[in-house]
Amino acid sequence: MRLLKSKSGLPVLFRPMNSGLVDIRYFIKCGAMDEARPKDEGLCHALEHMLYAGTENRDWMEMNRALERLGSWFNAYTYHDRTIYQITCLKRNWQAAYEVLADMMYNPTFPEERWEEVEKGAVISETQAAEDDPDVLLSEGIYRDGLGKRYHPILGNIPNIRQATMSDLKSFYDRYYCGDNMLLTVTGDLTETQVIRAVNKHDRLRLQRPPKKEKLSFKFNYKPFAIKKQELEQSTIQLLKPLTIPRTIQGQIGLELAVSCLTQYLFEELRERRGLCYGAKAELYWDIPGSLFLTIETSTDEERFDKTKKALHKTLNSFMKNGLTTERVRNNKMSEIYTTVNSRERIGHSSDWLWDAWEEGIKKDPFEYQLKALEALRHSTVRRAAAQVVDGRAKFGKITEK
Ligand SMILES: [Zn+2]
């Protein structure tokens, strides 16, 4: 991975890689968290829709045609802390693909009628669909708790979207899509000269400074939560607890391994052995400073739900003694090595890593760095991390049928 300097001042992270494909992404360090003013809520996601509604060079139809002509994969994503615009294309088309992407990023015209007639409705219907999805409700609940005042729903809220005008959107774009909020990643079988020449030709970064980011303060709230939904196929038990993210890479990998060992153990004990649930998984949330999230999907039958709940506590209590065996840690280490090598060799996965690695201060190849740390990882490091995962208080939640 190399950092290239472009004429416009845009930082470009370039990872040379043997592949028939090229992956190009604009990362905008602006997400729902940055929607500070009440009327901004939902604008990140709305922008994501409106950037390909037309530019100074192409209307929406020509934009669609241009993307189709490239035979490429184009997508955009809005998160709490970032927005990503991605194009993955055949190597022979990469310059044309990059030109279209840069056009979208820098020359949007925000056509009013497109917003009023199509995209506004599209955003609202997406928001409505999400309100019926227990998974989304829960993960949004976690972010709401974790982020406090900085929490804004990613998809936006419907009354706000209804009111939003193109001038709101344009002013949000002008304030946030500029300066050091922007970064480009390029992965593929290219040279530095080829990349930087293309960037110098098409990138139009505005150097003006984006609004300063407020510091994230995180307060964990232990209040249990309960969501009731109609016509559920399954009930869900949730456990959520704060964790301290270790400072060293060894500690962090140890924590990841401990969590994947726990997922396996829960799955074996609750599903395979006792047949109490359909799914069981433990996940780490890194962007809310350190949270563990346990999800157990079980039947809507009340008796079985209670049984599962009791068994869950038992399983957590026996994890250190029976679940975290040397063999399991070794197996999960192997699977983590597999994941790292797989990411290193697949173009889309590999790009996913670049920005995060850069933010963490990893200047060399993040994959080699991770592999080295994995090989050197000790069982005792994983045990220490695991103890943190199962000890202490947790917040309990459930989604059940109305
Ligand atoms: Zn959308």
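**Figure 1. Cover over the buried residues of helix α7.** In this predicted model, β3 (21-28) and α1 (43-50) are among the elements that cover the buried residues of α7. Contact here means that the C-beta atoms of two residues, placed from the backbone, lie within 7 Å. Helices (H or I, at least four residues) and strands (E, at least two) are DSSP runs, numbered from the N terminus. Residues are numbered from 1 along each chain as its sequence is written. Local features need pLDDT of at least 70 and side-chain atom pairs count only at pLDDT 80 or more, while totals for chains, interfaces and linings use all residues.

Figure 2. In α7 (residues 166-176), Leu 169, Phe 172, Tyr 173 and Tyr 176 are buried. Seen down the helix axis, these buried residues fall within an arc of 100 degrees, so they line one face of α7; the arc is that of the directions from the axis to the C-beta atoms. Ser 167 and Asp 174, on the other side, are exposed. A residue is buried if 20 or more other C-beta atoms lie within 10 Å of its own, exposed if 12 or fewer, and partly exposed in between, with C-beta atoms placed from the backbone.

**Figure 3. Domain 1 and domain 2.** The protein is divided into domain 1 (2-202) and domain 2 (225-401), with bounds from an automatic or database domain assignment. Their centres, taken over C-alpha atoms, are 30 Å apart. To the contact, domain 1 gives 23 residues and domain 2 gives 19 residues.

**Figure 4. The side of domain 1 that touches domain 2.** At least two residues of this side come from each of β2 (11-16), β3, α5 (134-147) and β6 (182-188). The largest share, eight residues, is supplied by α5.
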